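Let's take a friendly walk through this model together. Have the sequence and the 3D view at hand.

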Amino acid sequence: MSVHVRFETPQDLADKVYELVQTVGKSGAIKKGSNEVTKAAERGNAKFIVLAEDVNPPELLAHIPMICDEKNIHYGYVPSQEFLAKEAGMPKGVKTASLALMEISKAAQENYNEIIEQISDIKE
């Protein structure tokens, strides 16, 4: 397991996270890239942070879970930064190591609640 990955994410949970990113991405309430995500986490205004597991070097994201824990921001992992970028509506061939979801729409709320519940069970 990589230095920034704190828990194993089952594929069905990763799929739900991708779906959440896709839904939230339609409203444009997403910050992209480790610098923007770090700022959103430090300010405490992100609702959910998504980190890609295949980041190289992994130290790029090592600080983000610590900030999230400190600020009580939920976070989760997905296997692929390329697929994460695609689901966020970024151009083909682009990758993103992390995303901060700034707002959870009513359409995404049920999926968000399920993800938080599953992650809470895994982290314990």
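What follows is a short tour of a predicted model, taking in its sheet, a helix pair and one glutamate.

## The sheet

Four strands form an open sheet in the order S1-S4-S2-S3, and their pairing is mixed. At the edges sit S1 (30-32) and S3 (74-78), each of which pairs on one side only. From one strand to the next, the twist averages 20 degrees.

Have a look at S2 (residues 48-52) and S3: the two run parallel and are joined by 5 bridges. Within S3, Gly76 is the bridge partner of Val50. You will also find helix H2 (residues 34-43) lying across S1, S2 and S4 (98-101), at about 35 degrees to S4.

## Helices H1 and H5

Next, turn to H1 (residues 11-25) and H5 (residues 106-123), whose axes come within 10 Å and cross at roughly 145 degrees. The crossing is left-handed.

On the H1 side, the residues in contact include Leu13, Val17 and Leu20, while those on the H5 side include Ala108, Ile115 and Ile119. The residues of this contact divide into 10 nonpolar, 3 polar and 4 charged.

## A closer look at Glu87

Glu87 belongs to helix H4 (residues 81-87). Is this residue buried or exposed? Its relative accessible area is 9%, and because the cut-off for buried is under 20%, Glu87 counts as buried.

Leaving aside residues up to four places away in sequence, Glu87 touches Tyr18, Val21 and Gln22. The side chains of Glu87 and Lys86 are joined by a polar contact of 3.5 Å.

Definitions and conventions: Residues numbered from 1 in each chain as written. Predicted model: local features only at pLDDT ≥ 70, side-chain atom pairs only at ≥ 80, totals over all residues. Heavy atoms only, no water. Buried < 20%, exposed > 50% of the residue type's maximum accessible area, 1.4 Å probe, protein only. Polar contact = N/O pair within 3.5 Å; in protein donor to acceptor, adjacent residues only side chain to side chain. Contact = heavy atoms within 4.5 Å. Axes fitted to C-alpha atoms, helices over the stretch in contact; angles between N-to-C directions. Left-handed = near helix turned anticlockwise from the far one by under 90°. Nonpolar A, V, L, I, M, F, W, Y, C, P; charged D, E, K, R; others polar. Pairing = 2+ DSSP bridges.
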